[in-house]
Amino acid sequence: MSFLEVIDTYWLYFLVGRYPQGPLGGLALTLLLASLGLLLALPLGLLLGLGRVSPWAWVRLPVTALVYVVRATPLLMVIFWAYFFLPSVTGIKTDQFATMLIALVVFDAAYLAEIVRAGIQGLPRGQIEAARSLGLSYLGAMRLVVLPQALRHMLPSLVNQFVATIKETSLGYIIGLAEVSFIATQINTLVFTLPSQIYLTLGLTYFILCFGLSRLAYWLERRLSQREKPHLPAQALT
Amino acid sequence: MIKFENVNKWYGHYQALVDVCESVDKGEVVVVCGPSGSGKSTLIRTLNRLEPIHGGKIHIEGQDIHAKGLDVNGFRSRIGFVFQQFNLFPHLTALENCTLAPIHLRGLGKAQAREQAMALLERVGLAHKAHAFATELSGGQQQRVAIARALAMEPPLMLFDEPTSALDPEMVGEVLTVMKGLAKDGMTMVVVTHEMGFARDVADRVLFMDVGRVLERATPHDFFNAPEHPRAQQFLSDIRSPFAAA
């Protein structure tokens, strides 16, 4: 079987798994998992990040502990926890997709929290003082003055984390989630003779996704910095 | 309007304010001067609780402002504060800097807040820069927008913490002119500054501080012509002929 025949036979399987006869899988599942992961991890990471810098110790300490524990744990461990430990606590058997999503969201939120914390603490102290001296509350100052600036400065790190998330979805393989790496392995088992070509295709697929996201972020970053500093485009400084 | 009663403050073991007793009347313009590290910035920052105090009381319009349970945000919104480093919000235009607090704290409608902010920018001579960001403005222009931003909450009291110290010399005048205008309109002002010309022309009273104490309080005329305390005499002779001691 030539590689072109492999493509001709399995392209749809690679893209969507056994859908619509069976459950969604393949590249579509990878994209769905990564997007949902990002979408849910971002607000959670924002909350945890705010908790990390909170003036109230009863918020700051537990959040800090959680962030440290998760950050000191490999993602694979978190996935195992979500897979074996969570159902025994909650009594609800979650499917592989939900398990992987929970693990990704918790793991990435902890990393995002540190990015958010650094972004907030990187702002000059005078910004929050100016906001508070106008009479804004702590949370009001965060929402209206600190976060809009901090998020902009965080953009490169956020994108880094998002790119990592896309790649992390491949660990779903370990719990039998039919995402694109799992499907590629299946195809390889069926074809048997073309592992290099199949895994190169898989690698190229991840590359296109991640490279595309990085470029998009770079473009966005330049647009935003143009709004803030019309006479000092970012590239003039580097 | 403002009353300090035996105010004490420490930074660790260092005492930054020592038994400060002072009062400022409504409509009065008080200039606080003194050498670096004398506690004058600390003093003005205690007035809107940017710094806590460790002893004594500060009353503003009869309210004990360091009391527990005070509505800090409500109280701060009635005091304008102007910083040495301007601290304009760089993600907002000059106009948006001035409408932010009125919209979110005074419940003003957008159109109404813009109208008021434009009038204030007009007053500081920057209506034509309403849509500029901080990075497009000179230091003097930024500080004038910062004054307009503080005025947008219509505070009865304005505090200035070395408002011209971070400016290039040629921009000091435009900021002082705006401040003089405010003083003329009867605003109660406490101004920490090294601008002795401003103290002489505009202040009703000058306070001289050193090592956390108010050592001298006098009218500008008396302070500049006949300072009583030896530290004040030294300070004035230093700023008049900075090379004399060398």
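In chain A of this predicted model, residues 24 or more positions apart account for 70% of the contacts with a separation of 6 or more, a contact being heavy atoms within 4.5 Å. Chain A contains 9 helices and 0 strands, where helices (H or I, at least four residues) and strands (E, at least two) are DSSP runs numbered from the N terminus. Its C-alpha atoms fill a box of roughly 70 × 50 × 30 Å along the principal axes. Of the 238 residues in chain A, 45% are buried, that is, under 20% relative accessible area with a 1.4 Å probe and protein chains only.

Residues are numbered from 1 along each chain as its sequence is written, and chains are lettered from A and ligands numbered from 1 in the order in which they are written. Local features need pLDDT of at least 70, side-chain atom pairs count only at pLDDT 80 or more, and totals for chains, interfaces and linings use all residues, while side-chain values use heavy atoms, with hydrogens and water left out.

Helix α6 of chain A (residues 125–133) is mostly covered, with 8 of its 9 residues buried. The buried residues of α6(A) are A:G126, A:Q127, A:I128, A:E129, A:A130, A:A131, A:R132 and A:S133. Their cover includes α7 of chain A together with α1 (40–46), α2 (72–76), β6 and α5 of chain B. After α6(A) comes A:G135, which has a positive phi near 110 degrees.

The axes of α6(A) and helix α7 of chain A (residues 138–168) come within 9 Å and cross at roughly 140 degrees; axes are lines fitted to C-alpha atoms, for helices over the stretch in contact, and angles run from 0 to 180 degrees between N-to-C directions. α6(A) is therefore oblique to α7(A), since angles under 35 degrees count as roughly parallel, over 145 as roughly antiparallel, 65 to 115 as roughly perpendicular and the rest as oblique. On the side of α6(A), the contact is made by A:Q127, A:I128, A:A131 and A:R132. On the side of α7(A), A:Y138, A:A141, A:M142, A:V145, A:V146 and A:Q149 take part. By class, this contact has 7 nonpolar, 2 polar and 1 charged residues (Ala, Val, Leu, Ile, Met, Phe, Trp, Tyr, Cys and Pro count as nonpolar, Asp, Glu, Lys and Arg as charged, and the others, Gly among them, as polar).

In chain B, an open sheet of 6 strands has the order β6-β7-β8-β3-β9-β10, with mixed pairing; two strands pair if DSSP finds at least two bridges between them. The edge strands are β6 (79–82) and β10, each pairing on one side only. Helix α5 of chain B (residues 139–151) packs on the sheet, touching β6 and β7, and its direction makes about 165 degrees with that of β6(B).

Strand β9 of chain B (residues 205–210) has 6 of its 6 residues buried. B:R205, B:L207 and B:M209 lie on one side of β9(B), and B:V206, B:F208 and B:D210 on the other. Strand β3 of chain B (residues 29–33) pairs with β9(B) in the parallel sense over 4 bridges, with B:V31 opposite B:V206. Strand β10 of chain B (residues 213–218) runs antiparallel to β9(B), joined by 5 bridges, and B:D210 stands opposite B:R213. β9(B) and β10(B) form a hairpin with 2 residues between them, and B:V211 in the turn has a positive phi of about 40 degrees.

Note on methods
Buried means under 20% relative accessible area, exposed over 50%, partly exposed in between (1.4 Å probe, protein chains only).
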